[in-house]
Amino acid sequence: MSKGSSKDFVGDFDSSVAGAYAALMKATKAANRLPSDVSFHRTLDEQVDQKLERASRITLGMANTLWKNTYTEPVALAVESVDDIASQSAEGKWEIGPGFRAIVDSIDTLLEKIDVGIDEVLKNPAHHMRSAASKREGPVGEQSAPMVTAVADADGRRTNLALVHAKNTPRPQLLFKDVIDNSHGAPFVWKIREKVHAKVPLDKVLRAMAVDGEYPTELPHPYEHEIRALDQPQRHFEVSEPQEPCSWDSTPFEFVDTPEQLQQMMSHLISDAGEIAIDLEHHNYRSYQGFTCLIQISSRTRDYVVDALALRSELTCLNQVTADPEKIKVFHGAESDMVWLQRDFGVYVVGLFDTYHASKVLNMQHHSLAHLLRVYCNYDADKKYQLADWRIRPLPTEMMTYARADTHFLLYVYDRLRNELLSRGAALVGHDVGTPGSAAFGRLAGIDIVESAEQPVELTLQRSAQTSLRTYSKDVYDADSGLGAVGWATLLRKWKNPFGPAQAAVYRKLHEWRDSCARDEDESTRYVLPNHMLFVVAEKMPSEVPALLALCRPTPPLVRLNATDIVRLITQTRTDAEARLGDIRALVEEEHRILAPKPAHIRFDDDATETLAQEDNAMDVDRLAAPAVADDVLAPALLASVDDLLAPTSALFGPSLLSSVYHVEETAESSPDAREARNRARQIRSNLVLTMAVPKSLYTSSAPAATSDQAPKDRPADDGASVKPSPANKAPIVISETYGRQKPEHKESAAAADGHAAKKQRVGDLDLSKIELGDIDDSDEANATAAGGKRTKKKPKKGSSSKRVDPSDVKPFDYRQKSDAIGKTPRKAGAKKKRGGPGGDNDDKFDPYGNVGELQTLDRRPKRHKSKTGSRTMSYKK
């Protein structure tokens, strides 16, 4: 809106509003005149269809324009088709589309902004909203009469505090001559251009701080040298009669709000005042950094209250008094006052006496100004105006009295505290006041042994000097760590309910948005979005504007104006957080899978097996440790004792199983078949229980006769005597079950086959050629049953078989028979037939050792897979 059109709008506001409503009514009536069966008419007339299509595109463009203008940042089009807003069903009923709510929220937000804009044009700040860039000449608007609102505690009980405020209070920072810079990137810059009462010039201070021609980002205290080198006035160390203040009514008082009054006040303070009492009143609710509203100054004879809002740019002249080392400046609790004076006016204090530090050194029960006034002046300060809005002009009489009282009695309080410090120090010289249990313990604080009468005053002045050396620096917002006075982590520690990952992410984003909005609009974060509302919104994570507004009651103005931005921020942050959380969970699961302990082999050392696999089957017998055996049946000593009863051939591992598994005395001339058998035995990971083999006597009767050239070198071929074989010809352990189809290692002769068939025996109804060794019971109970005695049933132990085998009664296991019949256990009558899988009808299709020769090409730690074959379970590498 141009300047001229703005004036025309203000001058004829009623007619302008009436014209806007007339245009809206015209559009509404035209829409209502459209027939309900518009789609039917579009099929009859092509021109009507084209016009309606054109109107739809215009409406769609307007809707998307409204949507984009309600956001502070550009966003994608929210409505792709007019039907997304509303569509007509086959029955002729209009139904709300998915984009309807977005358009409604956008219009509501836009109307709020229009309302605020009209208020600015009409100079009526009813909504308390002003843009920092819209500075105007003259007053912002008329302020209503101040009101007093009682303040209740958490239990709803009324307190002594009162909130003094007024409607339509103008924002004074819009009229400040100095620009308010809330950005956290640019450092704070001194406001003084000359340094009065200087011992070190201002330019020399800057040159001393420069490094390689560049100045530091944070400037030092310009009066640091003067404060540290200050020669304190002798009046601090002399006991004198306290000078009581003049009566309240007889003391001259002046409210200073013009430059002429300021000059008169400065003339009196420079010439007639040796001690000055100063206090400040501050406001930080409708400003990001805050600003000083009042400065109360009292001498021994006069009281002043300075309007710091009206004279903000003129108050640098106070340095003529505050920086004078000969004048004593008395404050109470000056920690914040020092910072506010530097930030707003460029005023620095040299020669500070803080009555708060004096009360601490005297170890008083309370340290507030109200307590000191009650003790020394018998005056009860009305502290109910601590929450008053000090921007109100003109100030009510009660607020003016409260501000004046803070400094009117302060110089007399200084006299009393100084005398008490000196007198108590003189009385306690040489006494130990810092050791618990001593007679003078607690009479003074911060001192161990009193060395002089002036020591308590010196300690007070040292602490006061440290307070006056405080410097102002802008609060920097760290979105990553959340540290600092305005960081999200500092506030999060106060929240009692824990947040989930998505809620914590939303809280951080909302906290960052609140800080950014407060800086841009020069409002406090509490005004933009109070802390309790921030926590509730982060916890609930509303996805629609009505839900957001329902959580914020009463709704802050800036939340209502930026509701669409806030909802979009919450939705996007929640989506991103949940996606990142899913990725983190996947990574954690993958790490757990990788770091999970692998099943250990009960026979072989995993480290030795991995080392051999990495060296491409090159055996290093010097480093290979003897394998650990967990089963007593497989102990080397036991195997050596029963070696004569073991069959020398294995259809699975070949003829050299024992030598490859349990013995490391190997030669370089080992055959490739032997090395392959050793590698197979090391790499196959199973849970098989290896049992003792069949007796040698049964094997020799069924096995084919060995020729002279096949006989072992260390055993006579024609002698069947039992001799201890060498590791090279040690017989293998016989496995009681064979898995899958295994190709026989050699073919037996016809004579051997006939001999094997002739040796078939039956024990009862069992076929020994097909049974498992564990199925034969040679216990005493079985013998008693065979002799006609009554068999006693004994419950077998858990995890062990009650059936045993007598090696003299069992024939050898024939590895040369067809593998289909091996490893299958006869199904009991009535048992449910398995449909497939290992051990079922399709067991002949399962071959876990079919790819055993390719194990060398796999990874070091492949996945283990479990499989069932017959009645046993094994794990193997896939």
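Helices (H or I, at least four residues) and strands (E, at least two) are DSSP runs, numbered from the N terminus. The model is predicted: local features need pLDDT of at least 70, side-chain atom pairs count only at pLDDT 80 or more, and totals for chains, interfaces and linings use all residues. Residues are numbered from 1 along each chain as its sequence is written, and side-chain values use heavy atoms, with hydrogens and water left out.

**Overall composition**

- The protein chain contains 29 helices and 14 strands.
- Of its 878 residues, 39% are buried (under 20% relative accessible area; exposed is over 50% and partly exposed in between, with a 1.4 Å probe and protein chains only).
- Among contacts (heavy atoms within 4.5 Å) with a separation of 6 or more, 67% are made by residues 24 or more positions apart.
- The accessible surface of the protein chain is about 49,900 Å², and carbon and sulfur atoms contribute 53% of it; accessible areas come from the Shrake-Rupley method with a 1.4 Å probe, and for residues only the protein chains shown count as cover.

**Helix 19 and its surroundings**

- Met533, Leu534, Phe535, Val537 and Ala538 are buried in helix 19.
- These buried residues pack against helix 16 (488–492), helix 17, helix 20 (545–551) and helix 22 (563–595).
- Met541 follows helix 19 and has a positive phi, near 50°.

**Aromatic pairs**

- Rings of Phe, Tyr and Trp (its six-membered ring) pair if their centres lie within 6.5 Å; planes under 30 degrees apart count as stacked, over 60 as edge-to-face and the rest as tilted.
- By this rule there are 13 aromatic pairs.
- Phe176 and Phe291 form an edge-to-face pair, because their ring centres are 5.8 Å apart and their planes stand at 85°.
- This pair joins distant parts of the chain, 115 residues apart: Phe176 is in the loop between strand 4 (158–165) and helix 6 (202–209), and Phe291 is in strand 7 (residues 291–298).
- Phe176 is buried at 7% relative accessibility, and Phe291 is buried with a relative accessible area of 2%.
- Tyr507 and Phe535 are stacked, with 5.5 Å centre to centre and 10° between the planes.
- Tyr507 belongs to helix 17 (residues 501–521) and Phe535 to helix 19 (residues 531–540), so that this pair links distant parts of the chain, 28 residues apart.
- Both Tyr507 and Phe535 are buried.
- Trp495, Phe499, Tyr507 and Phe535 are linked into a cluster by ring pairs.

**Charges over rings**

- A charge sits over a ring if NZ of Lys or CZ of Arg is within 6 Å of the ring centre and within 35 degrees of the ring normal.
- The charged end of Lys195 is placed over the ring of Tyr223, 5.0 Å from its centre.
- Arg404 lies over the face of Trp248, 4.3 Å from the ring centre.

**Surface patch**

- Ile107, Leu111 and Ile114 make a nonpolar surface patch of about 250 Å².
- Patches are made of residues with over 30% relative accessible area and no salt bridge, like charges being joined within 9 Å and nonpolar side chains (Val, Leu, Ile, Met, Phe, Trp, Tyr) within 5 Å; a salt bridge is a side-chain nitrogen of Lys or Arg within 4 Å of a carboxyl oxygen of Asp or Glu.
- Ile114 is located in helix 5 (residues 100–121) and is partly exposed, at 42% relative accessible area.

- Thr407 is part of helix 13 (residues 397–408) and is buried, with a relative accessible area of 1%.
- Apart from neighbours within four places in sequence, Thr407 is in contact with Ala277, Ile278, Asp279, Gln296, Ile297 and Ser298.
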